[in-house]
Amino acid sequence: MDPRERVAQLMPQAHQELAELVAIKSVADPRQFPPEECQRAAQWVRDKFAQTGFTDARLEETPDGSMVVLGSRPSADPQAPTVLLYAHYDVQPPLDDSAWRTPPFELTEVDGRWYGRGAADCKGNIVMHLAALRALGENIPVNLKLVVEGSEEQGTGGLEAFVESHPDLLRADAILVCDTGNAAVGSPAATVSLRGMVNVVVAVEALNSEIHSGMFGGPAPDALAALVVLLGSLRDAQGNTTVAGLDNSRHWSGAAYDPEQFRRDAGVLDGVSLLGDGTVSDMLWSRPALTILGIDCPPVVGSAAAIVPRAAARLNLRIPPGTAPEAAERALTAHLKAAAPWGVRITVDVEATGSPFEASTEGPAFKALAASAREAYGRPMTSLGQGGSIPLCNVFQQTYPNAEIILMGVEEPQALIHAPNESVAPSEIENMALTEALFLARYGAANAR
């Protein structure tokens, strides 16, 4: 049977399985959800892949305590290339349940999309893998390996440490990291660039304690005002990041992100300008971007007529490939200390750093994927960057320097991953499953040894 017809026939099963998986509340944070939920999800994944030829599918514990699903499926030709399939079964917490239009852990169809936490990120990709494998049946001309982790969203590094201590277990010629997605519904893309990040907390102290604003306001230094001045120095009037030592001149060479489409995808209000003097693609994927994540200061409700003695802010600096996180950390810390007004005391505590990632696009696996995506979607595959960080990609790159690492998946801007009302377009599951099935067949045939 033609793979396209086979994948189409498998979609009702994909819907049922995604509903089962979304119903498992696999948030890898025991403070919010029972750890047994992640165990249930891991077992569900193990059982499903065991039914699709991964007869050795098993669970193993990683150094952070999370369970990883591992398995292998050899081809008839042991000299065939090896492809590693990756996804993760843990999900973000639902956040505000009242902000969801449907129950977050109940897959619900609305206007042709399937809503539920993890529907796109990343349980939709697990279902996509299963559909692709079933579409090919016994005829898979590559050796397959499988890894599905359970702590990606928490960022505790369990799988990263596991890979480093078991390097031969997941060694492959091509690694499909299925945790990203396309430019839009129906527009296939591979992610070839990931920004790294530096997270810091900057604290400002100016006084021993609160003092009356009427009695002391004017000459007395205000820690919150100082913090506002400091934070205001991080962008210029156009919105460019101004941290000295970070490159604000680079341009994105891949597919362009249409500004009007970006405004719609990001929900930018009418009349509000986009930031920066580069294109949307430049600003997203090739230049540093600094975001204020939170501020510690008195809230409006309950605030008093008092000068604030201390205040703090949490900052997230995204850095493109070509910028080392250590250099970015030094540059940001130096900027914050230099920009503090009035001699107020400044401390900068680094919470976390992550390296950017850049994939090769010249190898046989990437070319096979591009041809398969074009066949599945009927239009050329483009190359995208992504603002998010996936530290595992850097570990894969360092551990398996000869492997081609390809980032793909069922997500796209309407999916609203990590936010309330996450959803997936069924057509993306179907077309990406077909893309993967065609890729496995094409890559194996072209690289038989």
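Modeller: A cavity is a set of grid points where a 1.4 Å probe fits but cannot get out. In this predicted model, the largest cavity has a volume of about 40 Å³.

Colleague: How many cavities count at 30 Å³ or more?

Modeller: The count is 1.

Colleague: What makes a residue part of the lining of the largest cavity?

Modeller: A lining residue has an atom within 4 Å of a cavity point. Among those lining the largest cavity are Asn182, Leu369, Met408 and Thr435. Helix H10 (364-377) and helix H12 (426-446) each supply at least two lining residues. The largest share, 3 residues, comes from H10.

Colleague: How many of the lining residues are nonpolar, polar or charged?

Modeller: The lining has 8 nonpolar residues, 2 polar ones and no charged ones.

Colleague: What makes S11 and S14 edge strands?

Modeller: The open sheet has the order S11-S13-S9-S14. Strand S11 (289-296) and strand S14 (345-354) each pair on one side only. From one strand to the next, the twist averages 20 degrees.

Colleague: Which strands does helix H6 touch?

Modeller: Helix H6 (residues 223-232) touches S9, S11, S13 and S14. Its direction makes about 15 degrees with that of S13. Helix H9 (residues 325-339) also lies across S9, S11, S13 and S14. H9 runs at about 160 degrees to S14.

Methods. Residues numbered from 1 in each chain as written. Predicted model: local features only at pLDDT ≥ 70, side-chain atom pairs only at ≥ 80, totals over all residues. Heavy atoms only, no water. Pairing = 2+ DSSP bridges. Helix = DSSP H or I, 4+ residues; strand = E, 2+ residues; numbered from the N terminus. Axes fitted to C-alpha atoms, helices over the stretch in contact; angles between N-to-C directions. Contact = heavy atoms within 4.5 Å. 1 Å grid on protein atoms, 1.4 Å probe; cavity = no way out; pocket = protein on both sides within 12 Å on 5 of 7 lines; lining within 4 Å. Points joined across faces, edges and corners; volume = space filled by probe spheres on them. Nonpolar A, V, L, I, M, F, W, Y, C, P; charged D, E, K, R; others polar.
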